[in-house]
Amino acid sequence: MPPASLALTQHLLGFDTINPPGNEAACMQFLADWLSERGFTVNLSSFGAGRSNLIAHLHGASPGKPLAFTGHLDTVPLGNQPWQHDPFGSDIVADRLYGRGSSDMKAAIAAFAFACLQQQTAIRAGRGVVLLITGGEETGCEGARSLIDAGTLPEIGALIVGEPTANYPVIGHKGALWLRCETRGKTAHGAMPELGINAIYLAADALGKIRHFSPGAQHPLMKQPTLNVGRIQGGLNINSVPDRTAFDVDIRSAPNLQHATIRQRLAAMLGEEVQITTLVDLPAVLSSEENQWIQSVYRRCQTLFTQPLAARVVPYFTDASLLLPALGNPPCIILGPGEPTMAHQTDEYCLLSKLGEAEQLYGQIIADWMKV
């Protein structure tokens, strides 16, 4: 029997929410209507043309803070490689549901929405649930930032982030510091380069230094921080000395490192010839494995795995980077049915068996929360 959330997942996959530009509004409106028709109190908010977020409540009768789930509806571009399956067609082959966003992370949103419906009686009698559905996550959590700036976030007791983990509970992720480094030169005719200052050469000197720059000491769980130069742009035409070059640096950090310190060290090493601008600044996330609620989630997840669960983190960032500090730093688990290796891949898929597992798992976690 297919998972109960399959049809909803397929509907969500049918919307093109590739970011940029995002255009989550139509998909978000569909989900808002779907939730509202099934008893949720829903609030939509915009953070730009075609961009939106959603907060949905199932209120409970008992005192105490609700359990929260979060997920994003925007997806990354399709890439340059041809797809064998329609990225918006929801093809099913054996146990695989294909589509852009199937693993990252529309299947998880459908799974926890259905889990809430299946546990609605317990939720109404208990402490309630909140769904925080965002746009703009893939390009730096703009949607989450808009929710925070609006001041409409509710109080919550714990947060589940439905990013792809193949239903393995993850207690944290690395932070992301994206920097734009810019060199300025002086333009001149390409036949008389001695009259100019070549900004590409200045950037090359800076890149030589950056290649050997360490963001800081390794973390016991997250290991070594990483640095990657992912993009470079310089020059306007071949027969001119370029007067501007910019390259972008992607640093992934851990809780033992301060982003301000990393940037200061990098700026000191590169010198005044390089101007640095921060593009994205998202702190690392790490919850205590000893937390009582996290231990209860571990016990529920353990039934799906033969080996004892161990503390695990992921290298990618999530909306939790911004949401957790704004929510008062409640315990957080990253837990979703998607395949981590399928995120951002051509012919992305989610296993239907994992989707079914996630429905049950989320339902069990909800039921446990309402009993406390």
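A quick word on terms: helix axes are lines fitted to C-alpha atoms over the stretch in contact, and angles run from 0 to 180 degrees between N-to-C directions. Helices (H or I, at least four residues) and strands (E, at least two) are DSSP runs, numbered from the N terminus.

## Ground rules

This is a predicted model, where local features need pLDDT of at least 70 and side-chain atom pairs count only at pLDDT 80 or more, while totals for chains, interfaces and linings use all residues. Residues are numbered from 1 along each chain as its sequence is written, and side-chain values use heavy atoms, with hydrogens and water left out.

## Helices α8 and α10

Helix α8 (residues 292-302) packs against helix α10 (residues 352-371) at an angle of about 145°, and their axes are 10 Å apart.

On the α8 side you'll find W293, V297, R300 and C301, which meet L361, Q364, I365, D368 and W369 of α10. Contact here means heavy atoms within 4.5 Å. Sorted by class, that's six nonpolar residues, one polar and two charged (nonpolar: Ala, Val, Leu, Ile, Met, Phe, Trp, Tyr, Cys and Pro; charged: Asp, Glu, Lys and Arg; polar: the others, Gly among them).

## Helices α2 and α3

Helix α2 (residues 25-37) and helix α3 (residues 102-118) have axes 11 Å apart and an angle of about 15°. That's why the two count as roughly parallel (angles under 35 degrees; over 145 is roughly antiparallel, 65 to 115 roughly perpendicular, and the rest oblique). Their crossing is right-handed.

L31, W34 and L35 of α2 touch I109, A113, F114 and L117 of α3. By class, this contact has seven nonpolar residues, with no polar and no charged ones.

R252 sits in strand β11 (residues 244-253). Its relative accessibility is 16%, so R252 counts as buried (under 20%; exposed is over 50% and partly exposed in between, with a 1.4 Å probe and protein chains only). The R252 side chain makes a polar contact with the side chain of D250, at 2.7 Å (N or O atoms within 3.5 Å, one able to donate a hydrogen and the other to accept it; residues adjacent in sequence count only if both atoms are side-chain atoms).

A311 lies in the loop between α8 and β14 (313-314) and, at 28% relative accessibility, counts as partly exposed. A311 and E289 are 22 residues apart in sequence, yet 7.0 Å apart in space, C-alpha to C-alpha. Leaving aside neighbours within four places in sequence, A311 is in contact with I171, L221, E289 and Y298.

Methods. Left-handed = near helix turned anticlockwise from the far one by under 90°.
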